[in-house]
Amino acid sequence: MLRSITRSSSRSSTSQFFRLFRQLPQLSSTTVVGNSGGNIRRVLTPVATGREIFLPRGLRFLSAVSGQFSRSVATQSAASYSGQDEAGKHGFEKVREEFISECKSKAILFKHKKTGCEVMSVSNDDENKVFGVVFRTPPKDSTGIPHILEHSVLCGSRKYPLKEPFVELLKGSLHTFLNAFTYPDRTCYPVASTNTKDFYNLVDVYLDAVFFPKCVDDIHTFKQEGWHYELNHPSEDISYKGVVFNEMKGVYSQPDNILSRITQQALCPENTYGVDSGGDPKDIPKLTFKEFQDFHRQYYHPSNARIWFYGDDDPVHRLGVLSEYLDMFDASPAQDSSKVEPQKLFSGPRRIVEKYPAGGDDDLKKKHMVCLNWLLSDKPLDLQTQLALGFLDHLMLGTPASPLRKILLESGLGEALVNSGVEDELLQPQFSVGLKGVSDDNVQKVEELIMNTLRKLADEGFDTDAVEASMNTIEFSLRENNTGSFPRGLSLMLQSIGKWIYDMDPFEPLKYEEPLKSLKARIAEEGSKAVFSPLIEKLILNNPHCVTIEMRPDPEKASQEEAEEKNILEKFKASMTEEDLAELARATEELRLKQETPDPPEALKCVPSLNLSDIPKETTYVPSEVGDINGVKVLRHDLFTNDILYAEVVFDMGSVKQELLPLLPLFCQSLLEMGTKDLSFVQLNQLIGRKTGGISVYPLTSSVWGRDDPCSKIIVRGKSMVGCAEDLFHLMNSVLQEVRFTDQQRFKQFVSQSRARMENQLRGSGQGIAAARMDAMLNTAGWMSEQMGGLSYLEFLHTLEQKVDQDWEGISSSLEEIRKSLLSRNGCIVNMTADGNSLTSTEKFVGKFLDLLPEKSSGELVTWDSRLPLRNEAIVVPTQVNYVGKAGNIYDSGYELDGSSYVISKHISNTWLWDRVRVSGGAYGGFCDFDSHSGVFSFLSYRDPNLLKTLDIYDGTGDFLRGLDVDEDTLTKAIIGTIGDVDSYQLPDAKGYSSLLRHLLNVTDEERQIRREEILSTSLKDFKEFAEAIDSVRDKGVAVAVASQEDIDAANKESSNFFDVKKGL
């Protein structure tokens, strides 16, 4: 997985000290009946924060505005370690040992005597164990060697000589994390599991993969994962194929990504950051197999590795496992050759103008982007400066009330922030701030406004309440330590490695208490202006190393790049003899045959796995108590939360008029970003920051199994220290009942920001748009969700943007009507998660909150029964790759829900679709999703060079199932992998929230146990019988693709107007 360093305007881009995780998959940790990792759908949400979340079968959230949810700290003592004698036996020496109170862990830095490999061994009582091996891998060009190698080493190794052991682990492991990341200067291979046996299985496969991969001797893997010429017949055209090649084509189709890459390369043109480690599609085909081999030989060596262990496993055993591998190597100079040299600071500012691919129908004069970027220092910052810079970043940009963010968005000069914030994960820190959706004649005005605002902040400083709110928000997040479903140990590893990889102290980034205390004391003594103004002056205003980047839209760029690629390939073909062409066609077929030939059963047996006897037969239960306060249903979950209260208040959407539905996301944003009679929105935002850990408001829609009408709710979600529970519920009431919908210009900003986010999603996460579109054709809940977060919502936003000026009074009245339709004690549910005593002490504040609610809503109940017309649809966007979907309702074909469906859909994703759509087809991803609540079975591909060919693969799934002959080991792996998804690791807040969702969707613990038993008893017969249900998707399903005009025209020419064409961008 490419892990590029980018800044995002949509989330607080604070420094490593309080960035628990950034730019990594933020996985929803909600388990309703059972999730399959392959069945998770990525959908970008259209409201204020624009965060991306993964949605399990059928649940649709329009995400939270304001106050991001973070996690709680381990509290028991760390595991013991017996000392230097044990380390010496395994060939290690102890370099340093510390107890890290912030994460309640004992951390020991070891050095392998023979190779010099450094190992951080972090011991505590966290059952979610983490391992990672990291290599410094600085590229010298943009051919994408580190990225292609990251993909390739997981395709078979010395001990595990099959095509892809990684996929076998995906199928049959209880992993809580399994992936790899390519940074601009390093490559990380992390795994995590709560099961010790499973954990060490993962560790061994990964160690063997990175040190002894088959790919360095197998050009087929290089061709598959990197690039190759493809020619099916000598008479046909030659094309480029390769998983990374197509992944990066998708990256280079997104304007925000293009800007981020240009920024990094422009700021650091003289070192490794001046090239793209992920690979530029124009340069990837220049990479040779020998260069690929040499890169692994040079950098994938223990002397150039940092290794991380974390969790409650035996720290001595860790060293024993490592010694088996490291002892096979001698010391290498790789550590010296991989050092990243700092970029020297410029003597003066620079300016760059570039073009990006844009849709032809846009008002292109209003589609410019402009961004100012600074390299802040010629060397890494000291700890105190880095911490202060992180706070400054949050103060300027971290919330809607932050002055730099607020002034830029309120200026009307652009639609949304782009590429904004501090980035300190590389050797030298950077700061960027910019706007997109800028008119060509306003570019200079944006630049001036940014500089003038920074000057004003340096001169005047920050409001005291803003500083207090920022301090509380960051401190709450640090102490809560909430990483969602992302393992805490991996979050800590990525923080530590940010210094360690540059030969600095790996312990320092894990310790925030003393620097935080020191910073707070300094602010108290000297004032915030004395702390932050010199930073703005020195690092930004008086810093000559500034690059201004202007991005201009070009409707011809995408087609020009395609034409250039086609011309190169035509010239290459023209230079070939008939024998050459015949040989290339033969090589193409040889590679395809190798890709589509399954590993023999005896080879599969070499991958370590668990047995069914290792799997608990009983489902896990969350402690839940249903009661009431003042006649309102209250769900209580007695769990240890480190003195934090998590609360949700749920209101029914059943009285909201159908025509008001698309306004709901903007209604939710308005509640949190408009003011009350007594408080401006800035004051309200600061008060929330000072008193709580965040409040969010968002819609949730889902089908309900066995019921025609959907579940449609508005959820108000908040958290605070238990001692601030009264403030939390008071602020929830203020947000819901006191906010006034009177700020026309602010609302217009919301509309522009939402439109910009939806357009970005359409380009970069088209599979989510396609999935939402198909759902909207197949069930009412899907239609509702698509109205609030799909293409229909984008179309609504275009219309609404004009209407805000023409009929603001009508819009304001509609927002007020939504509020009156929602707020009611009747049908309200309160959900709380904390320890028992805290729950009891909070009840009186809940009672006061509920007493202030109207007894009944003002609206009449609405019957929801709308869908989009059933038709095959192609949505046109300027892109170099496609997103292809097909879906149908298998309940309509007579299929009755059985837990085996989870096993089967996961197996389809990890075998048939992985092999045919990704490995052979060249797409970056292909998977299926079964929404057991609605019955919709969906196929989706991601960054796919194909269109009709992918649909043919989907249609062949039934035959694949009928011809399947799985042995007992394969079936056991599929079952275990599915149970791993069902039992996904959750922190206390997620447990309480999952329990609420199950309550809303009528999923009982008895039903969960039944499904679990059906999963555990899945047989080959179930696979064969499921083929008939899948055939109904082939025969009666709908297809939706997000693709380029050229590919859609070609598809409609080949298959007689198969698609109705709809303009997206």
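**Loops and helix packing**

Mentor: Let us begin with Asn642, which sits in the loop between strand 21 (632-638) and strand 22 (644-652). Please bear in mind that this is a predicted model.

Trainee: What is the value of phi at Asn642?

Mentor: Most residues other than glycine have a negative phi. Asn642 is a residue other than glycine, yet its phi is positive, near 60°.

Trainee: Is Asn642 buried, exposed or partly exposed?

Mentor: Buried requires under 20% relative accessible area and exposed requires over 50%. The relative accessibility of Asn642 is 24%, so Asn642 counts as partly exposed.

Trainee: Which loop holds Asn1057, and is Asn1057 buried or exposed?

Mentor: Asn1057 is not a glycine, but has a positive phi of about 50°. Its loop runs between helix 37 (1045-1054) and strand 31 (1060-1063). With a relative accessible area of 62%, Asn1057 is exposed.

Trainee: How do helix 4 and helix 9 lie relative to each other, roughly parallel or roughly antiparallel?

Mentor: The axes of helix 4 (residues 196-211) and helix 9 (residues 315-326) come within 11 Å and cross at roughly 25°. Angles under 35 degrees count as roughly parallel. Helix 4 and helix 9 are therefore roughly parallel.

Trainee: Is the crossing of helix 4 and helix 9 left-handed or right-handed, and which residues make the contact?

Mentor: The crossing of these two helices is right-handed. Helix 4 contributes Tyr200, Val203, Asp204, Leu207, Asp208 and Phe211, while helix 9 contributes His317, Arg318, Val321, Leu322, Tyr325 and Leu326.

Trainee: How many of the residues in the contact of helix 4 with helix 9 are nonpolar, polar and charged?

Mentor: Tyr200 of helix 4 and Tyr325 of helix 9 both belong to this contact, and Tyr counts as nonpolar. The contact divides into 8 nonpolar, 1 polar and 3 charged residues.

Trainee: At what angle do the axes of helix 11 and helix 14 cross?

Mentor: Two packed helices are described by the angle between their axes and the distance between the axes. For helix 11 (residues 383-397) and helix 14 (residues 464-480), the axes come within 10 Å, and the crossing angle is roughly 120°.

Trainee: Which residues join helix 11 to helix 14, and how many of them are charged?

Mentor: Helix 11 passes helix 14 in a right-handed crossing. The contact is made by Phe391, His394 and Leu395 of helix 11 with Ala466, Val467, Ser470, Met471, Thr473 and Ile474 of helix 14. By class there are 6 nonpolar and 3 polar residues, and the number charged is none.

Trainee: What span should helix 24 have, and how far apart are its end C-alpha atoms?

Mentor: Helix 24 (residues 744-764) has 21 residues, and at 1.5 Å a residue it should span 30 Å. The distance between its end C-alpha atoms agrees, at 30 Å.

Trainee: How many of the residues of helix 24 are buried?

Mentor: Helix 24 is largely enclosed by the rest of the structure, because of its 21 residues the number buried is 17.

Trainee: Which residues does Ile953 touch, leaving aside those up to four places away in sequence?

Mentor: Ile953 lies in helix 31 (residues 948-955) and is buried, with a relative accessible area of 11%. Ile953 and Trp912 are 41 residues apart along the chain, and their C-alpha atoms are separated by 8.5 Å. The residues touched by Ile953 are Trp912, Leu913, Arg916 and Val917.

Terms used: Residues numbered from 1 in each chain as written. Predicted model: local features only at pLDDT ≥ 70, side-chain atom pairs only at ≥ 80, totals over all residues. Heavy atoms only, no water. Axes fitted to C-alpha atoms, helices over the stretch in contact; angles between N-to-C directions. Helix = DSSP H or I, 4+ residues; strand = E, 2+ residues; numbered from the N terminus. Parallel < 35°, antiparallel > 145°, perpendicular 65-115°, else oblique. Left-handed = near helix turned anticlockwise from the far one by under 90°. Contact = heavy atoms within 4.5 Å. Expected span 1.5 Å × (residues − 1). Buried < 20%, exposed > 50% of the residue type's maximum accessible area, 1.4 Å probe, protein only.
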